[in-house]
Amino acid sequence: MSKKLAHLRLTIFVIFSAAVLVFSPLSPAIVHAIPGETIYAGTNTTLAGDDNYAGAFPLGFNFDFYGSTVSSTYININGTLNFNSGNAEFSNTSLPNTNMGMSVQAFWDDIITKNFADQSILYKTVGAPGSRKFIVQWTNMYFFNNPSLPMGTFQAILYEGTNKIQLQYRDLLGGDASRGDSATIGINKDGATADQVSLDTAFVNEGQAISFTPNGSGGYITNTNATYDLVYLADANAPSAPVLTTPANTATNVSTTPTFSWSAADQADTYQLIVASNADYSTIVINQSGLTGTSYTPGTALNTNTTYYWKVIAVNGSGTTISDGRQFTTVPPDDNDGADQSVEAAAPNDGDANDDGINDSLQARVTSFVNPVTENYTVLESSATTGNTNVSVNNETGDTGYTYPAGMLHFTVDTVTPGDTATITLYYYGISPNGLVLRKYNSTTHQYQNISDAVITSVTIGGQTATKVVYSITDGSSLDEDGIVDGHIVDPVGLAQVVVPGAPNTGFARTTISVINIVTYIGATGVLLLGVKKISRRLWKQY
């Protein structure tokens with residue numbers, strides 16, 4: 001079929017990919033992009049543009065191919081090795097194919113270079129006599145029918161002695177097109193014999209290797225899940241590969257506006273950040289080039305509860321190098337309980353600070369946050385509700401005869417039906433229950449009173465000790481501050497300790513109230529805490 005008229009595709013970026021060299025006794029030493037990868041300074045075939053071939057290039061050893069001995073090969077820009085003669089055919093077909101003769105179809109498609117420094121077709125023979133490898137690498141290829149769509153980088157390797165052939169796919173950056181949905185992959189003897197792996201099918205994946213091992217009877221055993229041979233060909237003057245730092249690989253509950261950071265690459269002039277919402281990088285959500293620093297924070301938030309994939313490319317005048325890829329998952333959708341999602345996700349017990357088996361960040365009726373008074377987590381859990389709102393804490397000092405080691409907690413519970421009774425469960429991490437009572441404050445009467453039926457115990461959750469408080473409030477009852485049967489329960493409460501013997505359960509007091517809005521700030525330890533905003537100060541004289 002003609003690829004000149006088919007498979008038109010759109011893309012939103014142009015991406016350059018290459019690698020750099022790690023110390024090798026056979027080549028200049030540069031830094032690798034993939035852990036364990038040995039990279040050699042390859043010889044450039046000078047192939048460029050579209051539908052060209054070059055050669056024949058010597059293998060450096062005799063190689064048995066379907067029972068015939070070959071010692072050189074032609075290299076086709078369209079992803080094939082041809083042993084009989086040069087061939088620049090761009091229109092792939094099924095195998096066997098008479099016109100292709102003895103050939104290797106590493107990725108037979110209508111692909112091109114775009115005349116950039118980092119786009120090249122390289123070859124090199126490496127290794128000791130008797131076990132040498134002839135490596136051909138198509139680097140940073142693109143598609144003819146859509147020159148903006150990057151194909152990626154792939155290799156064909158011939159092994160001396162074993163006569164094995166291996167095809168491998170290092171960087172695939174164009175979605176299904178790069179996986180082979182318009183390509184032929186396999187090896188061909190003549191018009192009657194071939195070993196075809198795929199035809200016009202998105203079959204290969206990034207990091208996949210396919211081997212063809214002689215079976216001793218003139219044919220081959222095909223392994224589509226072969227062990228990847230960590231070799232690479234590159235220009236010795238290309239920059240080293242950046243090492244990705246944050247977000248950490250496979251990290252979860254990552255902010256939707258994360259700061260991407262990486263190490264500085266030797267000889268790099270600028271960097272390009274690529275973030276995709278799928279592993280084959282066919283859907284790019286961030287493509288930021290020309291970065292002179294080693295970090296970047298996007299101005300537009302990513303989606304919640306989404307796995308993203310990212311790489312960083314180092315760029316200089318000799319080419320580019322691409323880092324190893326990483327992935328992370330963003331925080332779940334906001335449960336609208338007033339607490340920052342990333343703070344809830346970082347709560348004790350892997351984000352399930354009330355130990356109910358569900359992450360706090362997924363529940364509107366569970367609010368976990370760093371208490372600014374204790375600098376430990378406090379958790380509000382309410383039952384029979386649609387959610388918690390207006391959650392805040394102040395450092396309570398106005399209750400004569402009592403201290404509040406965890407401050408005064410203010411919140412509103414939105415009940416399902418007016419008049420409902422809600423069970424309130426509080427968890428105070430880092431607070432001992434010894435000598436504590438639960439006190440209620442009424443901002444209308446400015447009175448405090450004990451909640452006598454509150455049950456206060458010590459619990460251990462996720463290896464951490466917390467004080468657990470359980471009590472009930474009925475919408476419109478005396479414990480509901482607004483006193484109205486309206487489906488909303490308003491309840492300022494706090495754990496208190498008697499400091500003056502005989503202090504009353506009720507009464508008026510001089511009080512200073514600083515309402516704590518749920519806003520985020522960076523504490524002294526770098527932990528996300530709740531910011532303090534002083535709303536009002538009221539001074540009341542004790543009667």
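User: The lining of the largest pocket divides into which kinds of residue?

Analyst: Start with the classes. Ala, Val, Leu, Ile, Met, Phe, Trp, Tyr, Cys and Pro count as nonpolar; Asp, Glu, Lys and Arg count as charged; the others, Gly among them, count as polar. In this lining, ten residues are nonpolar, six polar and eight charged. This is a predicted model: local features need pLDDT of at least 70, side-chain atom pairs count only at pLDDT 80 or more, and totals for chains, interfaces and linings use all residues. Residues are numbered from 1 along each chain as its sequence is written, and side-chain values use heavy atoms, with hydrogens and water left out.

User: What is a pocket, and which residues are the closest to the centre of this one?

Analyst: On a 1 Å grid over the protein atoms alone, a pocket is an open set of points where a 1.4 Å probe fits, with protein on both sides within 12 Å along at least five of seven lines; lining residues have an atom within 4 Å of a point. The volume is the space filled by probe spheres set on the points, which are joined across faces, edges and corners. Here the largest pocket holds about 380 Å³. Its lining has 24 residues, and R170, E206, G207, A279 and K311 are the closest to its centre.

User: Which strand gives the most to that lining?

Analyst: Strands are DSSP runs of E, at least two residues, numbered from the N terminus. β11 gives the most, with four residues. β11 (165-172), β23 (307-316) and β25 (326-330) each supply at least two.

User: T330 is in β25. Is T330 buried or exposed?

Analyst: Buried means under 20% relative accessible area, exposed over 50%, partly exposed in between (1.4 Å probe, protein chains only). T330 has 2%, so it is buried.

User: How do I read a sheet?

Analyst: Strands of a sheet pair through backbone hydrogen bonds, either parallel or antiparallel. Two strands pair if DSSP finds at least two bridges between them.

User: How many bridges join β27 and β31?

Analyst: Five, in the antiparallel sense. E381 has T425 in β31 as its bridge partner.
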